[in-house]
Amino acid sequence: MALKQPRTELDARYGEPEAAAIAWTEAEGLLAEAELFWLSTVRPDGRPHVTPLLAVWADGALHFCTGAAERKAMNLARNPEVVLTTGVNALHGGCDLVVEGTAVRVTDTSRLTVLATLWEAKYGAEWHFDVQDGGFTGGEGNVALVFEVAPRTAFGFGKAPYSQTRWRF
């Protein structure tokens with residue numbers, strides 16, 4: 001399946017004169033390699049909720065999982081709009097990424113099986129999942145819902161030199 005290529009825009013107001021837009025292919029590589037992400041959701045009363053989690057980049061989207069009774073899952077049940085961020089904890093060097101989109105539940109067994117394999121390949125045997133009842137099951141029988149977030153808009157914040165790239169899908 002051919003993935004839609006985004007429109008790339010460099011916002012010179014937030015960068016150094018020598019800065020160039022970050023290529024989407026570079027951003028995809030960073031998303032695939034990142035180990036930790038921060039998920040932002042909205043609580044039913046409108047307050048924000050942010051939590052760290054693991055995610056896998058596959059087929060043009062980020063994928064994460066959560067227990068049905070966890071705060072993030074309850075927030076998503078009411079409002080599926082999310083922001084996922086990742087990057088480096090440094091002022092000079094690296095690139096921070098922000099992905100905005102809608103979290104859509106993945107329940108297809110064959111798709112979940114592929115994602116479970118990708119999870120274990122990225123994070124190791126500690127993160128082995130079986131697929132059952134439209135989600136992931138862990139070694140202790142716990143069930144996790146799996147969500148996919150295809151970017152609607154994404155931002156890349158370069159720090160050597162400083163730059164801001166926006167990708168619109």
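User: Is Asp133 buried or exposed?
Analyst: In this predicted model, Asp133 counts as exposed, at 69% relative accessibility. Asp133 sits in the loop between strand 8 (130-132) and strand 9 (135-137).

User: And what is the phi of Asp133?
Analyst: Phi of Asp133 is near 55 degrees, which is a positive value in a residue other than glycine.

User: What about Asp59, what is its phi?
Analyst: Asp59, although not a glycine, has a positive phi of about 55 degrees. The loop between strand 4 (56-58) and strand 5 holds Asp59, and the residue counts as exposed at 53% relative accessibility.

User: Which residues is Arg111 in contact with?
Analyst: Apart from neighbours within four places in sequence, Arg111 is in contact with Ala58, Asp59, His63, Val106 and Glu148. With His63 there is a polar contact of 3.4 Å between the two side chains.

User: Where is Arg111, and is it buried or exposed?
Analyst: Arg111 belongs to helix 3, which covers residues 109-123. Arg111 is buried, because its relative accessible area is 19% and the cut-off for buried is under 20%.

User: Changing topic: how many helices and strands are in the chain?
Analyst: The chain contains 3 helices and 12 strands.

User: Which residues of helix 1 are buried?
Analyst: In helix 1, residues 24-33, the buried residues are Trp24, Ala27, Glu28 and Leu31. They cover an arc of only 100 degrees around the axis, and that places them on the same side of helix 1.

User: What does the face turned away from that buried side carry?
Analyst: That face of helix 1 carries the exposed residues Thr25 and Glu33.

User: Now helix 2. Which residues are buried there?
Analyst: Lys72, Ala73, Asn75 and Leu76 are the buried residues of helix 2, which spans residues 71-78. Down the axis of helix 2, the buried residues fall within an arc of 160 degrees, so they line one face of the helix. The face turned away from the buried side of helix 2 carries the exposed residues Ala77 and Arg78.

User: Which strands do the buried residues of helix 2 pack against?
Analyst: They pack against strand 2 (37-42), strand 3 (48-53), strand 5 (61-66), strand 6 (81-86), strand 7 (95-106) and strand 10 (143-149).

User: How many disulfides are there?
Analyst: A search of the whole structure returns 0 disulfides. A disulfide is a covalent bond between the sulfur atoms of two cysteines.

User: What about Cys65 and Cys95, buried or exposed?
Analyst: Cys65 is buried, with a relative accessible area of 17%. Cys95 also counts as buried, at 12% relative accessibility.

User: On to Thr165. Where is it, and is it buried or exposed?
Analyst: Thr165 lies in strand 12, residues 162-168. At 0% relative accessibility, Thr165 counts as buried.

User: What lies 3.0 Å from a polar atom of the Thr165 side chain?
Analyst: The backbone nitrogen of Ile22 lies at that distance from the polar atom of the Thr165 side chain. Leaving aside neighbours within four places in sequence, the contacts of Thr165 are with Thr8, Glu9, Leu10, Ala20, Ala21, Ile22, Ala154, Phe155 and Gly156.

User: Which peptide bond is cis?
Analyst: The bond from Ala160 to Pro161 is cis, with omega near 5 degrees. Pro161 is found in the loop between strand 11 (153-159) and strand 12.

User: And where is Gln5?
Analyst: Gln5 lies in the segment before strand 1 (7-10). Gln5 is exposed, with a relative accessible area of 52%. From C-alpha to C-alpha, Gln5 and Gly124 are 31 Å apart in space, and 119 residues apart in sequence.

User: What percentage of the residues count as buried?
Analyst: Of the 169 residues, 41% count as buried. The accessible surface of the chain is about 9100 Å², and 54% of that surface belongs to carbon and sulfur atoms.

User: And how much of the contacts comes from residues 24 or more positions apart?
Analyst: Such residues account for 63% of the contacts in the chain with a separation of 6 or more.

Key: Residues numbered from 1 in each chain as written. Predicted model: local features only at pLDDT ≥ 70, side-chain atom pairs only at ≥ 80, totals over all residues. Heavy atoms only, no water. Buried < 20%, exposed > 50% of the residue type's maximum accessible area, 1.4 Å probe, protein only. Helix = DSSP H or I, 4+ residues; strand = E, 2+ residues; numbered from the N terminus. Arc of directions from axis to C-beta. Disulfide = S-S within 2.5 Å. Polar contact = N/O pair within 3.5 Å; in protein donor to acceptor, adjacent residues only side chain to side chain. Contact = heavy atoms within 4.5 Å. Areas by Shrake-Rupley, 256 points an atom, 1.4 Å probe, with all protein chains shown as cover.
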